Amino acid sequence: MSSFVIEGGYKLSGEITPQGAKNEALEVICAVLLTSEKVTIHNVPDILDVNNLIQLFRDMQVKVEHPAADTYTFQADAIDLDYLNTEDFLRKSGSLRGSVMIVGPLVARFGKALIPKPGGDKIGRRRLDTHFVGIQKLGACFSYDAERQLYEIEAKRLKGAYMLLDEASVTGTANILMAAVLAEGKTTIYNAACEPYLQQLSSMLNQMGARISGVGSNLLTIEGVESLGGTTHTILPDMIEVGSFIGMAAMTASDITIKNTGYDKLGIIPESFRRLGITVEQIGDDIHIPTHDSYEIDTFIDGSIMTIADAPWPGLTPDLLSVFLVVATQAVGSVLIHQKMFESRLFFVDKLIDMGAQIILCDPHRATVIGLGNRFKLRGSNMVSPDIRAGIALLIAAMSAEGTSHIHNIDQIDRGYQNIDKRLNNIGARITRL
Ligand SMILES: CC(=O)N[C@H]1[C@@H](OP(=O)(O)OP(=O)(O)OC[C@H]2O[C@@H](n3ccc(=O)[nH]c3=O)[C@H](O)[C@@H]2O)O[C@H](CO)[C@@H](O)[C@@H]1O
Ligand SMILES: C=C(OP(=O)(O)O)C(=O)O
């Protein structure tokens, strides 16, 4: 298992460009299974999760070409459905949460799919009810094979239906949407998730001939079509990486410009960093973070303690709360970080406490951070990354700390951040990969 050695205290300077969005990539790559024609996707991030999904598609006999570093062409005209029954498929798809989104396209196009309990971060219970109930409403039958720990899904032709999702699940909405585009008749999905990932997926599907309206809202209407064709699609910049760079710049007192951020699609993210006292300057589609000698956390208008909490889009994404938390440790003032969606994502704070941060873990969902300002620096430490976003938060902490830190299990970081050590070293960081 690889690790990073980080020499803390070095400032960053210059420009950095975000990679393509991981979560959008996983959705739009699954969508290529909906057509026998060629689909070209640009701005594909070179990260573990995406590369593993692409390898899985190759194993399913999807024809994959890689004409440029960030461009892939897929053609699913001769899929080997028997491969889904192999141990190899079950092992590979089981370790990758995004792979659950092959169910919708496969059952819509071929009338059957197979999926093991999927992987992803161990950040609390991660149920699939929304996916299953939605696809069942379209007429598919699910059966669970307890011995092999997998679900078999079958349908003749899916039929459009009305559904009110029990929660605005991101991958759940994508999965149901990809099933509904080829179902017979009209489907209505209320309480749909509407992150830019889903807006992008919907516009790609419409380009392929689907008829989806309500894109960007929580009420999607889909008129089913007989078949879909090929297209070319470009993935948006990764908003979680943009947020991670904003936090990193503030915490290391660096002056950096984040290029081509897809600013209009960042929602409430820039404003949420401003509430921690960070200057986020929009320059066209770029973001400039000037050097911060210090930054002071706002209070609410009535003077009460600031809360940074996640919420379904257009609320604040849960994937940035670990970054907000670490950045607050060096701010002036206090903030309550409330991670509502996941129940095991805040336990990494004990590592920050070891580094000298003042944090009270109130319960699995809430942590109060007492910002120490720049009077007290964090100390370098030896730590293990428990999940992708805790991993980047620990990297930010290590980069701002006095002394050297070691982060183990960096596969968790590589899952979602492309060549992060090289890209950060290019703008002044001191990170060595072992
Ligand atoms: C591959 C991918 O795209 N992964 C993202 C996707 O995961 P994923 O699609 O798996 O996450 P879901 O949106 O299904 O739900 C995430 C968690 O939030 C809870 N929940 C969800 C919606 C809601 O209205 N209320 C609620 O409490 C769920 O019970 C679950 O515990 O969305 C998550 C939530 O933005 C992100 O953290 C993941 O990075
Ligand atoms: C939780 C995340 O990813 P996944 O859903 O793939 O585990 C994430 O990207 O923060």
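**Close-up views of the predicted model**

View 1. Leaving out residues up to four places away in sequence, asparagine 23 makes contacts with Val170 and Tyr197. Asparagine 23 sits in helix α1, and it is classed as buried because 25 C-beta neighbours fall inside 10 Å, where 20 or more are needed for that class. An unreviewed UniProt entry gives the feature "binding site" at Lys22 and Asn23.

View 2. Lysine 22 belongs to helix α1, which covers residues 22-31. When residues up to four places away in sequence are not counted, lysine 22 touches Pro45, Ile47, Asp49 and Val50, together with Asp238 and Gly416. Lysine 22 is classed as buried because it has 25 C-beta neighbours inside 10 Å.

**View 3. The largest nonpolar core, which holds 142 residues.** Within this core, the residues that touch the most other members are Val107 and Val181, while helix α12 (residues 388-400) gives the most to the core, namely ten residues. The core lies between domain 1 (3-19 + 237-433) and domain 2 (22-234), because both of them give residues to it. In soluble globular proteins, nonpolar side chains tend to be buried together.

**View 4. Contacts of valine 107, a member of the largest nonpolar core.** Apart from its neighbours within four places in sequence, valine 107 is in contact with Lys112, Ala113, Ile135, Ala140, Ile153, Ala155, Leu158 and Ala179. Together with Val181, Val107 touches the most other members of the core.

Conventions. Residues numbered from 1 in each chain as written. Chains lettered and ligands numbered in written order. Predicted model: local features only at pLDDT ≥ 70, side-chain atom pairs only at ≥ 80, totals over all residues. UniProt positions renumbered as here; feature names shortened; annotations may be inferred. Helix = DSSP H or I, 4+ residues; strand = E, 2+ residues; numbered from the N terminus. Buried ≥ 20, exposed ≤ 12 C-beta atoms within 10 Å, placed from the backbone. Contact = placed C-beta atoms within 7 Å. Core = buried A, V, L, I, M, F, W, Y, C linked by C-beta atoms within 7 Å. Domains from an automatic or database assignment.
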